[in-house]
Amino acid sequence: LLSEMTRNGLKPRQTAVFTEAPQDLAGYIEFVCGERPHDDIVKIMDEEVVSLVPLNESDGSRWQPLQSRETAPLLDCVRRLPAEFNLLSGFEKAMRDLQRAKSMGGGNWSYGAVAV
């Protein structure tokens, strides 16, 4: 996967990997994270289809520094994953919990559980 990311000019820290993707993967990212990816989604076909989604980078302005710790680094730090990964994994966990509780009946959900 890392070689494919390098070959396609994708940053590993900003790239989500999907093995089971919905039909409209960009729409799913917009639904969960609030905006569609600006860059193209890369599909790799070896033994299985893998989709590499470059998540949009934030300029850091979305975080407000704490007045009590003005010198502390903002949450958009190169040593941490972007907030979008937390949104994607949290949504996936919530959908899996609903499946376990058998609350998914009726099929009125826009998206089910999508593994990240």
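Helices and strands here are DSSP runs, a helix having at least four residues and a strand at least two, numbered from the N terminus. I am working from a predicted model.

**Entry 1: Asn56.** I looked up where Asn56 sits. Asn56 belongs to the loop between E3 and helix H3 (83-100). Is Asn56 buried or exposed? I took buried to mean under 20% relative accessible area. Asn56 has 10% relative accessibility, so I noted it as buried. Next I checked its polar atoms. A polar atom of the Asn56 side chain lies 2.8 Å from the backbone nitrogen of His38. Then I listed contacts, leaving aside neighbours within four places in sequence. Asn56 touches Gln14, Glu35, Arg36, Pro37, His38 and Glu84.

**Entry 2: strand E3.** I went back to the strand before that loop. How many residues of strand E3 (residues 49-54) are buried? I found 5 of the 6, so E3 is largely enclosed by the rest of the structure. I then looked for its pairing partners. Strand E1 (residues 15-18) runs antiparallel to E3, and 4 bridges join them. Within that pair, Thr15 has Pro54 of E3 as its bridge partner. Strand E2 (residues 42-45) also pairs with E3 in the antiparallel sense, over 4 bridges. Here I noted Lys43 opposite Ser51 of E3. A hairpin of 3 residues links E2 to E3. I kept one rule in mind for the side chains: in a regular strand they alternate between the two faces of the sheet.

**Entry 3: helix H2.** I turned to helix H2 (residues 25-33). H2 is mostly covered, with 7 of its 9 residues buried. Which residues of H2 are buried? I wrote down Leu25, Ala26, Gly27, Tyr28, Ile29, Val32 and Cys33. A reminder on spacing: an α-helix has 3.6 residues a turn, so residues three or four places apart point the same way. I checked what the buried residues of H2 pack against, and found E1, E3 and H3. After H2 comes Gly34, with a positive phi near 100°.

**Entry 4: the largest pocket.** I looked for empty space last. A probe the size of a water molecule, rolled over the atoms, shows where such space is left. The largest pocket holds about 150 Å³. Which residues line the largest pocket? I recorded Leu1, Ser3, Glu4, Val17, Thr19, Ile44, Asp46, Glu47, Glu48 and Val50. Sorted by class, this lining has 4 nonpolar, 2 polar and 4 charged residues.

Methods: Residues numbered from 1 in each chain as written. Predicted model: local features only at pLDDT ≥ 70, side-chain atom pairs only at ≥ 80, totals over all residues. Heavy atoms only, no water. Buried < 20%, exposed > 50% of the residue type's maximum accessible area, 1.4 Å probe, protein only. Pairing = 2+ DSSP bridges. 1 Å grid on protein atoms, 1.4 Å probe; cavity = no way out; pocket = protein on both sides within 12 Å on 5 of 7 lines; lining within 4 Å. Points joined across faces, edges and corners; volume = space filled by probe spheres on them. Nonpolar A, V, L, I, M, F, W, Y, C, P; charged D, E, K, R; others polar. Polar contact = N/O pair within 3.5 Å; in protein donor to acceptor, adjacent residues only side chain to side chain. Contact = heavy atoms within 4.5 Å.
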